Amino acid sequence: WTFYTFSFGRISQPLDADTLTFQDLGHHYGKDKDHAFYEDSMLIGPDVATFESVKDHYAIDSRHAYYKHSVIQGADPTTFKVKNEKLSCDDRDYYWRGKAFGVSDTDKFKVFYFVDDDAYWARDSKYGYYIEYNGPIIKFPIANYKDFEPLTYKSSDGVKLESCDYATDEEHIYYRGKVMRGVDMATFHQT
């Protein structure tokens, strides 16, 4: 596995692969006659015969979809699609970095993007979702999905920004997925 860094240039790490049958599948994946690899990690249990890369950091075989070196639990490889580097879906659910949202209504599902495909909030017709940076996805009921969105505020230099911490559905203010009690909706704002 060879990759490039700004500080160290080209770096190569050996794989425990059969050199005669090894194929570079692109998107950080490869396989030989017996194993599949993500970068310099050997994957555990893939169907090597059907294993293929789909996009950067995503692959499928006949049984599973993969994000990096891990199986995306519950994902259907026959309907699996990659939306962007962090978001993927199948006919039943959406996945953020390989973690299932547990979406109740895929037709009404929406992610509110922050910067460079990062997101902290999503919603469907019944639930809001708070996406912790490297943590779990917090699912919570919302009052009105059409009005659910991150709060906006202005930075000190007047730029309009979306909040990573606060969202509203016009009936409640949510802080990182939890309803804030006793809030005056008319005057509440983020500074």
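**View A. Ala-17, a partly exposed loop residue.** Ala-17 has a relative accessible area of 23%, so this residue counts as partly exposed. The model shown here and in the other views is predicted. Ala-17 sits in the loop that runs between strand S2 (9-12) and strand S3 (23-26). Its C-alpha lies 8.4 Å from that of Asp-34, and the two residues are 17 apart in sequence.

**View B. A salt-bridge network of Lys-86, Arg-97 and Asp-118.** The structure contains five salt bridges. One of them joins the side chains of Asp-118 and Lys-86, at 2.6 Å from N to O. Asp-118 belongs to the loop between strand S15 (110-113) and strand S16 (119-123), and Lys-86 to the loop between strand S11 (81-82) and strand S12 (87-89), so this contact ties together parts 32 residues apart in sequence. Both partners are buried. Asp-118 also meets Arg-97 in a salt bridge, at 3.8 Å from N to O. Arg-97 is in the loop between strand S13 (94-96) and strand S14 (99-100), so this pair ties together parts 21 residues apart in sequence. Arg-97 is buried, as is Asp-118.

**View C. The salt bridge of Asp-90 and Arg-92.** The closest N and O atoms of this pair are 3.9 Å apart. Asp-90 is buried, with a relative accessible area of 5%.

**View D. The S17-S18 hairpin.** Strands S17 (residues 127-131) and S18 (residues 137-141) run antiparallel and are joined by five bridges. Five residues separate the two strands. Gly-128 stands opposite Phe-140 of S18.

**View E. A negative surface patch.** Asp-147, Glu-149, Glu-162, Glu-170 and Glu-171 form the patch. Glu-171 lies in the loop between strand S20 (160-168) and strand S21 (173-175).

Technical notes: Residues numbered from 1 in each chain as written. Predicted model: local features only at pLDDT ≥ 70, side-chain atom pairs only at ≥ 80, totals over all residues. Heavy atoms only, no water. Patch = residues over 30% accessible without salt bridge, like charges linked within 9 Å, V, L, I, M, F, W, Y side chains within 5 Å. Areas by Shrake-Rupley, 256 points an atom, 1.4 Å probe, with all protein chains shown as cover. Salt bridge = Lys/Arg side-chain N within 4 Å of Asp/Glu carboxyl O. Lys, Arg positive; Asp, Glu negative; His and termini not counted. Charge placed at Lys NZ, Arg CZ, Asp CG, Glu CD. Helix = DSSP H or I, 4+ residues; strand = E, 2+ residues; numbered from the N terminus. Pairing = 2+ DSSP bridges. Buried < 20%, exposed > 50% of the residue type's maximum accessible area, 1.4 Å probe, protein only.
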